[in-house]
Structure formats: C-alpha cells, structure tokens
Amino acid sequence: MSFSGLLIQLLNGLAGASTLFLVAAGLSLIFGVTRIVNFAHGSFYMVGIYLAYSAVEHLAGSIGFWPALLLAALGVGVLGALVEVLLLRRIYHVPELFQLLATFALALVIKDVALYLWGPEELLGPRAPGLSGSVELLGRKFPAYDLFLIVVGPVVLGLLWLLLTRTRWGTLVRAATQDRDMVAALGVNQAWLFTSVFALGAVLAGLGGALQLPREPASLEVDLHTIGAAFVVVVVGGMGSIPGAFVAALLIAELKAICIWLGLVNIGGFEISFSKLTLVVEFLVMAAVLIVRPWGLLGRPPAASRHASAVEAPLNPPGRWMRTVSLVLVAAMTVLPFVTAGSPYVTVLAIDLLVAALLAASLHFIMGPGGMHSFGHAAYFGLAAYGAALLVRAAGLPMEAAIALAPLVAGAFALLFGWFAVRLSGVYLAMLTLAFGQIAWAIVYQWDGVTGGSNGLTGVWPAPWLADKRTYYLFTLALVVAGVWLLRRVLFSPFGMAMRAGRDSPLRADAIGIDVKRVHWFAFAIGGAVAGIAGALFAFSKGSISPESLHVAKSIDALVMVLLGGVQTLAGPIVGAVSFTWLHDTVARNTEYWRAMLGGIILVLVLLFPQGIAGYAQRLIARLPRSLR
Amino acid sequence: MSAATERPDVQASRAPAAGLATRPTAPLLQVSGLGKSFGGVRAVDGIDFDIAPGELLALIGPNGAGKSTTFNMVNGQLRADRGSIRLQGRELIGLAPRAIWKLGVGRTFQIAQTFASLSVLENVQMALLSADQHVYRLFARASAHRRDDALALLAQVGMAAQALRPCSELAYGDVKRVELAVAMAHNPTLLLMDEPTAGMAPRERNELMALTRQLVVERGMAVLFTEHSMDVVFAHADRVIVLARGRLIAGGTPAEIRDHPKVQEVYFGTGRTFEKKAPVGEGSR
C-alpha cells in the first residue's frame, strides 16, 4: 500500500471511468429524449469491440488503425438507427416495462448474431500503433494507451457539451429531455430527432467498445456486465444528465480503484477484503444515492408523466367459467405424473414449471396490483433457497421445518430492502431493487465459508417420504396452488384493494387515510415471502443450490414471464411462467441459438400482443357472446 | 370588516373567548397568522380566518394570490412556516394528510382523483374500509364491505345507477361526483374543495355546487373551497374571503365582496396591486 501504488490505481480508475462514461452518456442521452431504458446498450458496446476487431483486421492496412476504430463506432451508430426505425418507433406508446422487455429481447438477439458472426472464442485485437508502450510514473510502469483513454473521457464530454449547447439540434435535445410533449407541440419532427439521438447514443457506446480493443479481448459476456455498470452510472448521475454521468463514472471507477488498492485490511482484528468489495461497490453507491437523492447526483425530479401505464379494468372475482377451468387444470396436473410414467422427464419439467409459476405470481403481485416494478425479485427466491439449504445442512432442521421457515427468511429480507424501495417509484425503484439483488448475489457468491461461494451448496435433498419425484411433484403442486390462491385471496381483500388504490392515485389514497408506503411495503414483503416458498421448493427439487438462483438474469426471467403472460390479468403470470419455461426448455434443447429464438418470440409478442398472452385471451373471451362466457 | 382580517396577534393570544363572544357558534376551523415562503417569495403572508359549522366559505383571489398554498397547508400537503391551523381547538400543522383526514376533514382535488382501476362502488367502499380501519385485513372480501352504505352515498351524489362501472370510463363531471362521495365517506365535519368546478360545463358547475350546498345542510358539515368562477362563488358561498399577493384583503358576504372597491381593483385591474406600494385602503393591513 504505497503512494505510487495508489497513484497507479487511481489512474487505472480514470481510464476505466472514460469507457464507462462513453457508454453511460449514450444511455443517458437516449433515456432523456426517448424515455426508453435501453437494455441493448451493453450490446452496442459489445458490437463496437467486435466491429473494431474486424475493421482493424481488414481495413487497418488500407485506411489505418484509428480510422478503422472510428468506422466501427459509426457502424454501431447505423445499427442503432436501424433499431430505432424498425423496432422502437413501434413501441414508444406502450408502457415502459414493455419497452424494457423489447430492448432486452434485442440484446438476446444481438448476442446470438455476434455468436454466429464471430464465434464463441474471445478475440484479441492488436496494440494501438504508437501507444503500445508504457510510461514510467514514480518508478512504476503505466500503459501509454490508458493515459490516452484518460484524455478521451473529458474530450468527449466537452464535445457533447458543445453539441448540446451550441447547435440547434442540441437545443432540441435539451428541450425534449425536459418536456418532449411540448417539443412535439411546437412542430418539431420528433421521428428524426429520436432516430438521431438513438444513433448518437449507439455511436458513443460503439466508440467506448472500439476503444477497448487494444486493452481487452472481444467476448460475448461483456454486454450484460456493461449494461449493469452503465445503468448504475446513469442512475447515480441522474437520468438524462450527461455531466451527471461523467461525475458518477469518475466516482464509481475511483472507488473501485481505491478498493483494489486497499486490498486486505485488518480492522480491529477482522480481515476485510476490500478487493472483493469491487463486485458490489457500484451497487452500494447506487443504493446510497437513491436513498438520499432519489433523482441522482445531478438529475432532476421527473415531471409527472403524461402517459402513465394503461388503466386496468376492475378485478372481478373468478366467474364460473374461470373456476371450472382452474379446477380442471389442477385435476389434470394431479394425474400428470401417473399418465406420463413412461417419460419421467415430464415430471421434472413440471416441477420447474410450477416453481416458475409461483415465482412469477409473486412478482406479479408486487408489479401489477402494487405497481412496483422490481428488477431484483430473484433475490428473495434465492435467499430463501439458501436459507432452506442452510437450515437443513448447518442447523440440522428437518426439511419440513426448513420449507416452513424459508418464506420467513425471504420475507424478512424483503421487509428490509422493501423499506427503501417503496420510497421510490418507476425506473428508480426498478434500479434500486436491481442493486439490492446484485448485492445479495455478490454476498452469496463470495461468502465461501457459509454459502459455498460460486459452487453453491449440495446435498439439499427432501425428506425420505418425498424422495420419489412424483410425490415431490404433488407436494410442490399443493404448495404452489396454495401460494397462488393465497395471493389471489389477498388481492380481493381490503389490503389488496388498498394496494391497487395506492397504485392508482397515491394522493387520493392518502386523502382517505391510507398509508400508501406502508401498504406497499407490506405487499413487497408478502411478494418476497411467497417467492421464498418457490425458492425452497426449487432447492429441494434440485438437491443443490447455486448463486445463479438469485442472479439478476433470474430476476429478468421472472419479469419476462410476467410480461409475457400479461401484467393486467391475474392468470397472466401463470400462463407466462409456463410458456416461458416450456419455451426455454424446448428451444434450448433444439438449437444453439436459443437466445435469438427467445428474443425473437418476445419481440413478436411485444409488437403484436402488448397485453400479454392471457390479456389477449381475455380480450378474445370478452368478444364472445355473453352466453358462451 | 369581518373577523377574517383581525390583527394576527389578537387571535394568536389564543384566548378562545375573545373571538367567540360575538359569534353564534364556536368556529370549526381557526386559522391564524398562517404563512409560507418559497425561497424569498412570501406566497402566504400571515392570514387569519375561521369557518363555522355548516358554513360554505369561498377562498378567492387572482392567479398567484396564494389560494392553493393556503389550501394545501390546511389539508396537510404543505407544511406551514408560521401560524396555526386549529380544527376544534386541535393543531393541524405538522400532521400528514391522512392524519388530518382521521380528524374529520375530507377533500376533493382540483383535478379529480379517484381510483381508476376500481369500480365506482369500490371507490366508495375503499374509503369506508379505511374509515373503519380495515385496510390491513388480508383475507376478508373487500367487495362485501358495507355495500348498502356505499350505494347510499352514491345515491346522494346521483351516481348509484353507475355504481358498477369502472371509474376510468366515466365522464369528468361524474368523476367529480364520485370523488365527492369518496370524500364524504367518513362523515367529515369539514370538506375542503380545491376548485370544485374546474373543467366542468356551466350547467354541471351549478348542479355540483347545489349538491354540495344540499349536503352541507343535511349533514351540518362546513366547506372551504377555492374557486375561479365568480358566478359559482356569488351564487353558492355563505361568505367569501379574498386573497391577493399572499394577504387577505377582504372578507364578507358575496354581496359585500361584489361591491368591495379593493376586490374590484384586484379583479378588474387598476394595475396598482402589482406595484410595490399598493395604496392602503379599507380592508388592507
């Protein structure tokens, strides 16, 4: 821990901050104007590296290294413009969650296209000509290229500032960021403004990627990693604020650098590994900022949205038709393992479907009637799974007790995280729940002594009387049906009505004596606890548990299930979970490119059936003559 | 001049008998020395007024006079910087809107706020559930709660026939009626209405205010409302108080206010109210 070591780490941090800023600035710009949270932004960054690799390989000889990099960035810009014209223009009017889902699907597609074009191996580009050496600072070597990157960040910030304040286009962008309806009312052609902003954002991400070529290999894994980091930077800096993105990128990159420099520190007899903190430090910063300054460091409180989510139809208690279908379905599922005795895999898959259905139903409970779009719901699923596994393995409790206690574990964590989350709303709430999910994941991933680290825990088997898969299936079925019934029952109770009321109009709810935050806080905890039942069932069905069960990717799977089925219908999450899990299973077994297939299907659904599968079915039923319903 | 413009220090002495001796009934709401600043702007600058039970009091004034600020301080959405707001002797400043509601104050919003995804009936039932402290019941059936009482309330505002429709489908005038029923579900002693007729057609306006008047009479409830439309104010208010640039400049019956020189000046514009030194006339402090 010397001063020169600190200096080198700080410089490293600055170089990292530049790249982070380029990606985040594009994301922030796009969000500011179009209000789209672009999940595919990390993919633009990834494509930037790959395109730069190909451009340098084929064109560096003729046009030179640097023009080839710039060309790659412009190529990403063209891709961005195409995406905007072909996809996003069709979904500006749909609720923001569907936009998220669509851009998420786009990320899946882009990843598989990259896999097809460039293959699964990592590709390492050449060193930058003229900057391949290193510079000596206080007796330590520092790569010259990183010094160059340090300069790039502020230069791009300056150029963006000039563009936004000195040009007519920039004025329009700033005006649209403040009030895009007003800009439209003034007769500005929004279509081209949006396309150009999206293309510029993509160029910035592509440039960030292209400039990484001499430093790190192109790989298929960087997209999710990058989008996570860029989201955090944008939220910390304030959505839509470019200077905010710069400050946040610096702050986060430097904090990481300091954590690496501190390494292992002995404080009062405890060994604290600061270098391990790097996995969560950005999420800790984000959580702290969102709690103290919910609009980010340099952001402004958002103006009241003029197109909030579509109004739901009143919930009706299940009619005779619905009851009959449910009963037939449960009966059919009860006999399922016995009629498919010849193919035991069906039972295994059916357990997965049931667990997914309960997870999706619990997320829908929070998202739909509660109006809280959680992006970290898998945390409660995973924490309960770990809780159950630890109760059996370390505390020596019987399985039955572990399953009974697991939802309480999840509910307790949901109470803790939810207390902070319900203070926010919209995208900010989504990001805070994502941060909590990531923090929970990182702790489980690193706490080798208790959670088994990246290997997870094994030997989590059910009690002997449930050892047979078919019996375990029936046990799962019973608990899942009970869980779904419980959630439905609560939705029709005074508490459930207060949840919906608080979502519809917090002002009115407050004016008739309802403590909206408290109601939503408890709802969050109930949703978390029910996800915990699903988590415990999952752990015992697999016999093992790994950190993946609470990873953000799992949270997003759950989100996709809910949206696929339809947020506005109670049957939606079940339909969505079953179709998603079945699709995932079928597609993944039959093609190498399951992600692209999945992404394509999601895109078709978003474009054609924005109300989800169950929502669409409900519409069809509503068209039937009354006597048939 | 009415009690509305008495010196604040007289009321601030909190000698209840002082103001009451001259009044037939004890005031329901007593506001004294109320003030609120935003940055350097004194939006409301030490105002005093009170409302008697069963009284329909209109708070009027030109744009930027401080009507909304005053209104939002009374219902708890804004916290006052100074002064006091007492409901039957109990201080309201510092209480959350829902706590003020519990003390018997209902309110309607300038842009009507109802629960769009609930039916008309459920909107009222929600308010009844809250009034009965059933909000945290997890397993009861909400739609079975005091259905008849909810329907009776809807009948009072003329919305019983549409009880089962989703609130999101209603015409705006009807949404305002539903909101009124929701606001009255816990039998408030004081109803606060922020521009109750904004966005309504002339005929609807008079119908809504006639309905409000009828409810005031039936229930002995008091109403404080802000309003831009002078014909509504002069036709339906018992008493009117006038705000201009954060201060009360006049108070009295609609007839008195109509002929009040200061009010005419503010509304019909000599322009002098917008100068630094407004002439000190009758009713100003």
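Two residues are taken to be in contact if their C-beta atoms, placed from the backbone, lie within 7 Å. Under this criterion, the contact between chain A and chain B takes 31 residues from chain B and 26 residues from chain A. The structure is a predicted model, in which local features need pLDDT of at least 70 and side-chain atom pairs count only at pLDDT 80 or more, whereas totals for chains, interfaces and linings use all residues. Residues are numbered from 1 along each chain as its sequence is written, and chains are lettered from A and ligands numbered from 1 in the order in which they are written.

On the side of chain B that touches chain A, the elements that give two or more residues are helix 4 (97–102) and helix 5 (120–131) of chain B, where helices (H or I, at least four residues) and strands (E, at least two) are DSSP runs numbered from the N terminus. Helix 5 of chain B gives the most to this side, with 5 residues. The residues of the side of chain B that touches chain A divide into 17 nonpolar, 8 polar and 6 charged; here Ala, Val, Leu, Ile, Met, Phe, Trp, Tyr, Cys and Pro count as nonpolar, Asp, Glu, Lys and Arg as charged, and the others, Gly among them, as polar.

The secondary structure of chain A comprises 26 helices and 6 strands, and its C-alpha trace spans about 75 × 65 × 50 Å along the principal axes. For 629 residues a compact globule would have a radius of gyration near 25 Å, and the value of 25 Å for chain A agrees with this; the radius is taken over C-alpha atoms, and the globule rule is 2.2 Å times the number of residues to the power 0.38. Of the 629 residues of chain A, 53% count as buried, a residue being buried if 20 or more other C-beta atoms lie within 10 Å of its own, exposed if 12 or fewer, and partly exposed in between, with C-beta atoms placed from the backbone. Among contacts in chain A between residues at least 6 apart in sequence, those joining residues at least 24 apart make up 79%.

When residues up to four places away in sequence are not counted, A:Ala249 touches A:Val233 together with A:Ala17, A:Leu20, A:Phe21 and A:Ala24.

Chain A is divided into domain 1 (11–119 + 139–292) and domain 2 (320–628), the bounds coming from an automatic or database domain assignment. The C-alpha centres of domain 1 and domain 2 of chain A lie 31 Å apart, and their contact takes 28 residues from domain 1 of chain A and 27 residues from domain 2 of chain A. On the domain 1 side, helix 4 (96–118), helix 9 (222–237) and helix 12 (281–292) of chain A each supply at least two residues, and the largest share, 12 residues, comes from helix 4 of chain A. By class, this side of domain 1 of chain A has 24 nonpolar, no polar and 4 charged residues.

A:Thr458 lies in strand 5 (residues 457–458) of chain A and is partly exposed because 14 other C-beta atoms lie within 10 Å. Residues up to four places away in sequence aside, A:Thr458 touches A:Gly543 and A:Ser544. The C-alpha atoms of A:Thr458 and A:Ile621, 163 residues apart along the chain, are separated by 47 Å.

Chain B contains 11 helices and 10 strands, and 46% of its 285 residues count as buried. Residues 24 or more positions apart account for 63% of the contacts in chain B with a separation of 6 or more. An open sheet of 4 strands in chain B has the order 2-1-4-5, with antiparallel pairing, two strands being paired if DSSP finds at least two bridges between them. Its edge strands, each pairing on one side only, are strand 2 (41–51) and strand 5 (90–91) of chain B. Strand 4 (residues 82–87) of chain B is joined to strand 5 of chain B by 2 bridges, and the two run antiparallel; B:Leu87 has B:Arg90, in strand 5 of chain B, as its bridge partner.
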